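Colleague: I have not looked at this one before. Can you walk me through it?
Modeller: Here it is.

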Amino acid sequence: MVAAVFHMPPADEVSSVSPPPVTAARAQGASSSTPTRKPAPARANASSAGAVWLPTLTRALAAASGLALLVGVWALLTREGGAFPTPRSTFEAAWALFSDPFYQNGPNDQGIGWNVLHSLQRVGLGFGLAALVGIPLGFALGSSRWLSAMFAPLIALLRPVSPLAWLPIGLLVFKSANPAAIWTIFICSIWPMIINTAVGVQRVPQDYLNVARVLDLSSWTVLTRILLPATLPYVLTGVRLSVGTAWLVIVAAEMLTGGVGIGFWVWDEWNNLNVQHILVAILVIGLVGLALETVLVRLAAAFTYDEVRS
């Protein structure tokens, strides 16, 4: 009955029916008429390699063109001479500085490498203390509406204050220039970490927390398994902003406090009227800040999910 419904022949007819024989001529004609395709792996690999390297080469050429334009305008403006140094004299001074960046001729006469390292040390200490305080405080503010409402006016009042306005407070409390500079880095780095961490905690999906309540998870498990992974992209964004601000502030703080550091080195070269060294220091400050920014951007991108990017 099923065979009749589907118009199928009986089983014995199905077994007896065989496909029509294919003659040799027909098979030969089919094989000759069918086109043969030869793989072209070399062309595919070449096109894929070109697609990968072309954007990188384009960006490199654009960056080189921008630098060349800057040097060209600089050379054009200084061709008549004057107080501002030419590109050639600045490059010669940079070559002399970088040929021995770690010399030491006393506490106030050190190479540019030592000054950069001392500045990075101050930035690392102040930034590390800000991370130890700001990230847990951001978790607390994001988790508690009461704490958020209590600290929101204080953060809104203190965050716009210039970091250098806190430097006299540090000098008054610590009685020393180095702790005062670290204090200035701390106070200017803490706000981005607090705000971004609190925002990240507040944007954790409520379904995650509901599941945690149903499973009766402990507070430590909720923090380490739910809140921290979900808010890590926001925390890293706050860290990136804090590091950029700290590196900006340390130069000005060292100009005022003195000692050893890239900021003090710039001010000392200005007192010596060595403008070439000041321009070299500006280049070094920019390169170090770019390196810090690049590392933290890559780190933040590695822990940023698609829904956070969008």
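Colleague: Of the contacts in the chain with a separation of 6 or more, what share comes from residues 24 or more positions apart?
Modeller: Those residues account for 66% of them, where a contact means heavy atoms within 4.5 Å. This is a predicted model, in which local features need pLDDT of at least 70 and side-chain atom pairs count only at pLDDT 80 or more, while totals for chains, interfaces and linings use all residues. Residues are numbered from 1 along each chain as its sequence is written, and side-chain values use heavy atoms, with hydrogens and water left out.

Colleague: How many helices and strands does the chain have?
Modeller: The chain has 14 helices and 0 strands. Both are DSSP runs numbered from the N terminus, helices being H or I with at least four residues and strands E with at least two.

Colleague: And how much of the chain is buried?
Modeller: Buried residues are 30% of the 310 in the chain; buried means under 20% relative accessible area, with a 1.4 Å probe and protein chains only.

Colleague: Which residues have the most contacts inside the largest nonpolar core?
Modeller: They are I135, I190, W191, M193, I194, L227 and V239, in a core of 25 residues. Such a core is a set of buried Ala, Val, Leu, Ile, Met, Phe, Trp, Tyr and Cys residues joined through side-chain atoms within 4.5 Å.

Colleague: Which elements give two or more residues to this core?
Modeller: α6 (112-143), α9 (177-202) and α11 (219-257) do. The largest share, 8 residues, is from α9.

Colleague: What does I190 touch?
Modeller: Leaving aside residues up to four places away in sequence, I190 touches A130, V133 and G134. There is also a second, separate core of 22 residues, which includes A246, V284, I285 and V288.

Colleague: Changing topic, at what angle do α12 and α13 pack?
Modeller: Helix α12 (residues 262-271) packs with helix α13 (residues 275-302) at about 160°, with the axes 9 Å apart. That makes α12 roughly antiparallel to α13, a term for angles over 145 degrees. Axes are lines fitted to C-alpha atoms, for helices over the stretch in contact, and angles run from 0 to 180 degrees between N-to-C directions.

Colleague: Which residues meet there?
Modeller: From α12 they are I262, W265, V266, E269 and W270, and from α13 H277, I278, A281 and I285.

Colleague: What about α7 and α9, which residues meet?
Modeller: S148, I155 and L158 in α7 meet W191, I194, I195 and Q202 in α9. Helix α7 (residues 145-158) packs with α9 at an angle of about 145°, with the axes 11 Å apart.

Technical notes: Angles under 35 degrees count as roughly parallel, over 145 as roughly antiparallel, 65 to 115 as roughly perpendicular and the rest as oblique. Buried means under 20% relative accessible area, exposed over 50%, partly exposed in between (1.4 Å probe, protein chains only).
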